Amino acid sequence: MILLTNDDSIVRVSTFLLVAKSEEQLANDRAWLEQERYWLVHRRGFTAVTKLPGKSGSMDDLATGVGTGKIRANPPQYDRSEDLAQLRFLNESSVLHTLRQRYAANLIHTYAGLTMLIMNPAVPLAIYSEKVAHLFRRCKSADMPAHIYSVAQSAYHSMLSLRRDHSIVFLGRAGSGKTINYKYIIKYLTIVAGANNKVLTLEKLNSIWTVLEAFGNAKTVLNNSATCFAHLFSLDFDQSGQIASASIQTMLFDRWRVARRPEGEGTFHILSRLVLGAEGNLRRDLMLGDLNPTDSNPYVHFNVSNEDKVQQAGLFKMVYGSLMQLGVSELENKIIFSVLAAILHLGAAGAAKVSTPTSNRSSYHSSSPGSDYGNRSPAVDDWTGQDALDGFVIGLYSEVFNIVAALINRHLSVGTHTVNTILVFDCPGFQNPASCGQQNGATFQDFCFNYLQERLQLLFHNTALVATRDRYTQEQIEVICDDTDEVSPEGIVNILDNIPSNNSSLSLAMRSSQLDLRQSDSTPGLLWLLDEHRSLPSQQSFVDSVFNVYREREHQTLINKAAGNHHLLIQHCQGTNPVLYNTENWTKLAREHPSTKAAVALLLESTHNDMATVFTMSRSANISSTLGGSLAGIDGTQSLRRASSIRRTFTSSSAAAIKRKSDGLIETLRRSKVKFVHCLLAQHNVAAVDGTKEYFDSTINVPLLRSQIRGAEVLPAVRLYKQGFPECMQLTEFIRRFGLLASSSNSTEASTPTPTDTKTSIEEILFGIDLDASSYRVGLSQDRAGPAVEWSGAGRMRSVRPRHVAFIHENPPPALPNLPQNPPSYV
């Protein structure tokens, strides 16, 4: 089998040696297929069944499947297929069976067409070392096994070849291993690409992860160390392919967790580590000795055992040393920890209630800036003294997190010329506390994270399915693919964030009658309803306001009212992940308490000059305190000035800001060439249990895995990849690379060949190498780049993954260098 591939500017022909099967093997395969083996689907999973010979009846009466009545099982040699597109019979049960077999053999990575599936292994595996990383160096996609490093190498190689920005996005549920694989991607690129002037090294990476984990992670019911913010790591490369600059940007920081968190969950790790781990002068200066660990403190909870004290002391030293490694001075360290100590002391003191002379109500009094609440609107009369104190603490911790991000970027960002960028994005996965037995309902921050995951899933849907089909239609290429099981995430996204279009003014639209809203072209989404509900006095609960709008039957498949006055049920992931939300305090959380801004002003106007200077630096770095420094430092990075701009939003409405920031993020990713990685849970509580692989017994919760596969639209994407032509090349670029294969007698002599001449040359080349005509298509693009060619044979150009290659990009990449004067001989 002869396949044309391209290695940078060198054209070569790769010959794959195929080993013929013996007569006995062929006979066994034929006998297996003749037995008509099927999968019988049931609630707990699926079971292999065989149709008995000589028996009447149809398997359609017994087996059910996705888009077909029969679910054919694959021969045993496909049990551990590296790519799901290789399966002879592509169906949901066969996909689950393959993933289960690979997981049992510690093969947690699996190709799914152009995407990657990764099962959380529950325990660390020794497959991510620096030595393993070097094995993938300079490899093309065709030569690499399924591994997270292959995703990084493929993006890096493609960036160098196309000179185009790339991005890698992680999708999945909470605890599925997104963050650890996000770190592996950046680790690999640091090892393989190298960095100018050691701007980024493995030691610095470890320091970054240590600091971010301490300040931004917390224990939840789903994860012992859950990431509580979304982060976008930008790696800027110079002309030679080395890392010239880097930055990390954060958004949707769960700032409320420092003051308000669900029962049984913890606050950010750094607070307990500071109390139990700080020693010497630092402990004395921060007066931490005055805090009694046995006293109740709403902002921190710690275990006072001797073993925990030793462990926390060691972890705090790691955090302090990591900050020093990142260029943070001792003075800056002390300023950061002094603000954290102030939070702890405020928690120990509590909020005092005093009676006003004009009212019997109690209110909170403070001499800090912005603490005059005398002219409050009716919508904020439900604020209490504890709310004011909580808002002040939230503002303090948000600024601390912002300044930590700014100090990291100060150390990584270098004002040098760069050519292209690889963006790696990770955010908390789908949150569903009910999956771990918590029936109190998900929080507002869980809603924010789930909304962002839905937006990313919609981006995957549009990229892998919609855009691909539109391209085939434009090129007049017919692809027959069953899409009966395909459901777009657009419906649930519209319910979450749709902007009403019946009036140019959002406020006026929100105040119009419910009848007008139902008759308008679009109804307001939950974020906009919450934004309006927070600012207007209303006797209705937020849930009642929602279902005054979404009362029609067409919405009941996506959103339902649950038992209780403040509960609603949203069907996430195409209905495979229903999440119960408790909206009781959402109205408070959707607006920013004045004391939060007062905390920011207090730090910026501090009489301590060094403290004012440090926190003013975060302002100059374009870091907003809204939503915990959403997109910290993003306006100052060179990479995103080229790709997109996500601007700061100064608003007291968290609900409205969430959509604007998500819009900017999606636009940034959309302008790059996106690669998706789906992380999967084998069982519930994998990330929340300190167990071993033996504890989980290498088993898979099949219903859980099935729901994740359906929600992620893996099967429709793989089916379209298998039947379509995913890889593309411009016609002119094809002639540039492979024009020598055309016969000299028929090759065009014109300096500017016509599209017809070019198409004829393409067909002659493909016919001359005896390539199967069913494996390629020649399209007629209307794009300015002209006609294009599609051929199949290998999406990754290798015999074990026979896939189709496609035609043209809407925005064509720059031409590669000319062929060498002495091309290699062809076999």
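I am reading a predicted model, where local features need pLDDT of at least 70, side-chain atom pairs count only at pLDDT 80 or more, and totals for chains, interfaces and linings use all residues. Residues are numbered from 1 along each chain as its sequence is written, and side-chain values use heavy atoms, with hydrogens and water left out.

**Entry 1, a helix pair.** I looked up α11 (residues 385–412) and α19 (residues 594–604), whose axes come within 7 Å and cross at roughly 45 degrees. That angle makes α11 oblique to α19 (under 35 degrees is roughly parallel, over 145 roughly antiparallel, 65 to 115 roughly perpendicular, the rest oblique). Among the α11 residues in contact (heavy atoms within 4.5 Å) are F392 and L396, and the α19 side includes V600 and L603. The contact's residues divide into 8 nonpolar, 4 polar and 2 charged.

I checked the length: the 20 residues of α9 (residues 306–325) should span 28 Å at 1.5 Å a residue, and the end C-alpha atoms are 29 Å apart, which agrees (the expected span is 1.5 Å times one less than the number of residues). Its buried residues (under 20% relative accessible area, 1.4 Å probe, protein chains only) include D308, F316 and L323. They pack against α6, α7, α8 and α10. Just after α9, I found G327 with a positive phi of about 85 degrees.

I found P75 in the loop between β4 (45–50) and α2 (92–104). P75 counts as buried at 4% relative accessibility. Leaving out residues up to four places away in sequence, P75 touches W32 and L33.

Note on methods
Axes fitted to C-alpha atoms, helices over the stretch in contact; angles between N-to-C directions. Helix = DSSP H or I, 4+ residues; strand = E, 2+ residues; numbered from the N terminus. Nonpolar A, V, L, I, M, F, W, Y, C, P; charged D, E, K, R; others polar. Buried < 20%, exposed > 50% of the residue type's maximum accessible area, 1.4 Å probe, protein only.
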